[in-house]
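The sequence and model come next.

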Amino acid sequence: MSTQASTARMEKIVSLCKRRGFIFQSSEIYGGLNGFWDYGPLGAELKRNVKELWWKSMTRLRDDIVGLEATIIMHPKVWQASGHVDTFSDPMSTCRACKKLVRSDQVWDMLETTPWAQAVRETSPEGKPNPEALLKWAKGKGLRAVPNFVFVKDPEAFLARVAAHTGEWDAQGQSLIQILCTADAAGPLSMPCPHCAGELTEPRPFNLMFKTYVGPAATEEDIAYLRPETAQAIFVQFKNVVDSTRVKVPFGICQIGKAFRNEVTPRNFTFRSREFEQMELEFFIKPDDVVQAQTGAVAALAPDAPHGEPQPNWGWELWHKYWVEERFRWYESVGLKRSSLEEYWQKPDELAHYARATVDILYKFPFGTQELEGIAARSNFDLTQHQTHSGKSMEYFDQEANLRYVPHVIEPSAGVDRLILALLCEAFEEEEVTDEKGQTETRTVLRFHPRVAPVKVGIFPLLKNKPDLVQKAIEVRDMLRPLMNVFYDDGGAIGRRYRRQDEAGTPFCLTIDFDTIGENGPEKEGTVTLRHRDSMTQERVRIADLPALLLGKIS
Ligand code: GAP
């Protein structure tokens with residue numbers, strides 16, 4: 001998909017989210033707050049369904065994982081031990097011209113979608129600088145839009161240098177914008193501000209944790225942080241969980257909850273927010289040397305072979321692989337096609353200091369292929385850190401092995417909001433359809449998997465001024481609503497009601513008509529029309545069969 005088409009698709013999704021009550025800007029009537037989003041009635045249902053499915057798959061359908069719900073504000077020493085106070089920062093630059101702040105490591109990515117950078121690219125569709133078109137742009141539209149751009153200030157001199165060195169620059173794989181930002185072939189690349197193309201300052205670290213004060217004194221000693229991840233609470237409560245339950249390593253503790261990061265540049269709708277939710281699992285495993293001592297040998301990782309069921313001789317590598325595969329399977333079960341996902345193994349220089357390996361599950365968003373979840377093998381870094389900083393032992397006594405150790409951990413960490421956005425992007429479709437009168441129109445449909453769909457069934461009496469139809473429709477609604485989220489609608493033509501539910505992603509609609517109430521003979525009495533969202537086909541179904549039939553499709 002071209003950049004323009006992707007941008008247009010994303011705009012349509014954002015507009016549908018607002019129009020139909022999936023996602024609103026936080027505090028919109030006051031102009032909004034950058035990086036904060038609210039979920040409207042349909043979004044709240046969708047989010048609940050997703051979290052419920054994750055929780056169920058982690059806890060209720062397994063014997064080896066238990067849940068936790070911890071506070072958002074914890075003792076500040078937690079974040080010293082975890083390393084967040086010292087190292088949880090992003091590089092940040094300030095524009096010398098417009099004074100805006102940007103994340104230095106995202107500048108080149110941001111320029112992919114910035115209008116002025118797009119205009120520069122359009123001057124040279126072949127990728128190689130087109131001097132004539134560039135000069136025209138620099139002296140006209142460019143001068144008006146981005147007068148601070150180093151290239152616009154002296155385009156002739158720049159183009160002379162570009163002409164002299166194009167071959168060399170191309171060989172370095174630089175984009176046209178990068179070429180234009182390079183003062184001379186040997187000189188350093190100066191990053192332009194994505195907003196105004198002005199000069200950016202050198203990057204400096206900016207800690208992403210939100211600070212607050214606990215208690216009325218509000219002194220330096222009272223500083224606390226809003227948690228930037230849910231994971232640390234799990235490590236901090238590890239001992240309590242072990243002591244209060246019958247879990248045995250290998251086992252996991254999972255948590256769903258809010259996390260906060262004062263992101264320098266929140267963007268791409270909800271993708272990078274300042275307040276968001278995470279679904280995290282810390283799965284504790286035996287250190288490899290304990291597995292070796294107990295089983296004789298740690299099972300070797302065969303990258304292309306299926307791992308099968310967990311075995312006592314699994315070391316961290318096989319557990320890591322196991323969780324990567326489990327998580328891919330789960331995403332497919334909620335409606336993301338395998339072809340929309342990618343697996344990315346972080347390179348050694350990208351790994352966090354505690355990680356032995358991290359696999360990111362990426363989703364192909366319209367604005368680029370980006371991370372949905374990270375699955376990290378974190379060794380025993382966190383428990384050891386908390387043991388050191390708190391002075392409390394984090395050792396686990398393994399009865400089988402008859403020894404004590406600090407368990408290692410595999411951490412699948414997913415973002416709820418990113419998944420909601422992925423589900424919306426995956427489900428969104430516009431298609432040309434022909435109505436009964438032969439007229440074509442564009443149908444907007446959200447093809448959610450019935451499991452996650454906010455509303456499972458739309459229930460419509462054919463006419464709202466026929467009490468028998470209305471009464472029967474209400475009976476059907478009251479029968480189904482303890483079992484699933486239904487939406488009763490008696491307003492407007494049936495076709496319009498179907499379209500409204502298509503946009504909400506409702507997989508099934510039921511129409512109660514004159515056949516239902518026996519006006520056209522006894523054989524169809526007690527049946528309704530069941531209309532399927534995706535195929536738009538309709539079938540006649542007995543009311544008595546509806547609960548089992550629908551539950552079978554949504555569970
Ligand atoms: N405990 C590990 C951890 O927090 P992370 O990669 O920083 O790892 C995990 O975050 C997941 O949380 C990401 O894959 C993403 O889905 C989500 N996430 C992180 N920052 C986010 C943000 N600013 N907005 C929305 N989701 C975010």
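With which residue does D478 form a salt bridge? D478 pairs with R477, the closest N and O atoms being 3.0 Å apart; a salt bridge here is a side-chain nitrogen of Lys or Arg within 4 Å of a carboxyl oxygen of Asp or Glu.

The model is predicted: local features need pLDDT of at least 70 and side-chain atom pairs count only at pLDDT 80 or more, while totals for chains, interfaces and linings use all residues. Residues are numbered from 1 along each chain as its sequence is written, and side-chain values use heavy atoms, with hydrogens and water left out.

By the salt-bridge rule the count comes to 39.

| Salt bridge | N to O distance |
|---|---|
| E431 and R443 | 2.7 Å |
| R499 and E441 | 2.9 Å |
| D478 and R477 | 3.0 Å |

E431 lies in strand β17 (residues 428–434) and R443 in strand β18 (residues 440–446), so their bridge ties together parts that are twelve residues apart in sequence. Strands (E, at least two residues) and helices (H or I, at least four) are DSSP runs, numbered from the N terminus. R499 lies in helix α19 and E441 in strand β18, so this pair ties together parts 58 residues apart. E431, R443, R499 and E441 are among the residues linked in a network of salt bridges.

Both E431 and R443 are buried, meaning under 20% relative accessible area; exposed is over 50% and partly exposed in between (1.4 Å probe, protein chains only). R499 is partly exposed at 21%, as is E441 at 31%.

Q501 is in helix α19 (residues 494–504) and is buried at 3%.
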